[in-house]
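Biologist: I have a model open and would like to learn how to read its features. Could you take me through them one by one?

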Amino acid sequence: MEILEPKNERNWKIAKKRASFKRNAMNWMVINAFLWFIWYIGDQHDAMGIPWPVWPTVGWGVGLLFQFIGAYNGGNQSAEEREYEKLQNGGR
């Protein structure tokens, strides 16, 4: 029987954020491909020369970008943790 080590809470939260981002990115790709396919086989009437699937693709993409930044922001430390470390090291 394998004994599981207790999870590091901070790493577990980071892992959950990254897994959530990956699921949402896959959903974004599949659903937007479907929307563009519908547009392609349809009438392709555009408003002001812009295909209608641009709007959900860009809108959802911006949200996905913010989720990416939250999941992969490098240090993965909160602002409070960074400020605390500065103070501990004698910084202002």
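Biologist: Where does Thr57 lie?

Modeller: Helices here are DSSP runs of H or I with at least four residues, strands are E runs of at least two, and both are numbered from the N terminus. Thr57 sits in helix H2, which covers residues 54–71. Before we go on: this is a predicted model, in which local features need pLDDT of at least 70, side-chain atom pairs count only at pLDDT 80 or more, and totals for chains, interfaces and linings use all residues. Residues are numbered from 1 along each chain as its sequence is written, and side-chain values use heavy atoms, with hydrogens and water left out.

Biologist: Is Thr57 buried or exposed?

Modeller: Buried means under 20% relative accessible area, exposed means over 50%, and partly exposed is in between, with a 1.4 Å probe and protein chains only. Thr57 counts as buried because its relative accessibility is 16%.

Biologist: Which residues is Thr57 in contact with, beyond its neighbours within four places in sequence?

Modeller: Contact means heavy atoms within 4.5 Å. With those neighbours left aside, Thr57 touches Trp28, Asn32 and Trp36. Its side chain also makes a polar contact with the side chain of Trp36, at 3.1 Å. A polar contact is a pair of N or O atoms within 3.5 Å; within protein, one must be able to donate a hydrogen and the other to accept it, and residues adjacent in sequence count only if both atoms are side-chain atoms.

Biologist: What about Asn24, and where is it found?

Modeller: Asn24 belongs to helix H1 and is partly exposed, at 26% relative accessibility. Leaving aside neighbours within four places, its contacts are Trp60, Leu64 and Gln67. Asn24 and Leu64 are 40 residues apart in sequence, yet their C-alpha atoms are 7.4 Å apart in space. For the whole protein, residues 24 or more positions apart account for 67% of the contacts with a separation of 6 or more.

Biologist: How many aromatic pairs does the structure hold?

Modeller: Rings of Phe, Tyr and Trp (its six-membered ring) pair if their centres lie within 6.5 Å; planes under 30 degrees apart count as stacked, over 60 as edge-to-face and the rest as tilted. The structure holds 4 such pairs. One of them joins Phe21 and Tyr72 edge-to-face, with 6.0 Å centre to centre and 80° between the planes. Phe21 lies in helix H1 and Tyr72 in the loop between H2 and helix H3 (79–88), so this pair ties together parts that are 51 residues apart in sequence. Phe21 is buried at 13%, while Tyr72 is partly exposed at 27%. Trp36 and Trp39 also pair edge-to-face, because their ring centres are 5.5 Å apart and their planes are at 80°. Ring pairs link Phe21, Phe68 and Tyr72 into a cluster.

Biologist: And which helix gives the most to the nonpolar patch?

Modeller: Helix H1 (residues 9–41) gives the most, with 5 residues. The patch consists of Phe34, Phe37, Ile38, Tyr40, Ile41, Trp52 and Trp55, with about 810 Å² of accessible area together, computed by the Shrake-Rupley method with a 1.4 Å probe; for residues, only the protein chains shown count as cover. Tyr40 is exposed, at 57% relative accessibility.

Key. Patch = residues over 30% accessible without salt bridge, like charges linked within 9 Å, V, L, I, M, F, W, Y side chains within 5 Å. Salt bridge = Lys/Arg side-chain N within 4 Å of Asp/Glu carboxyl O.
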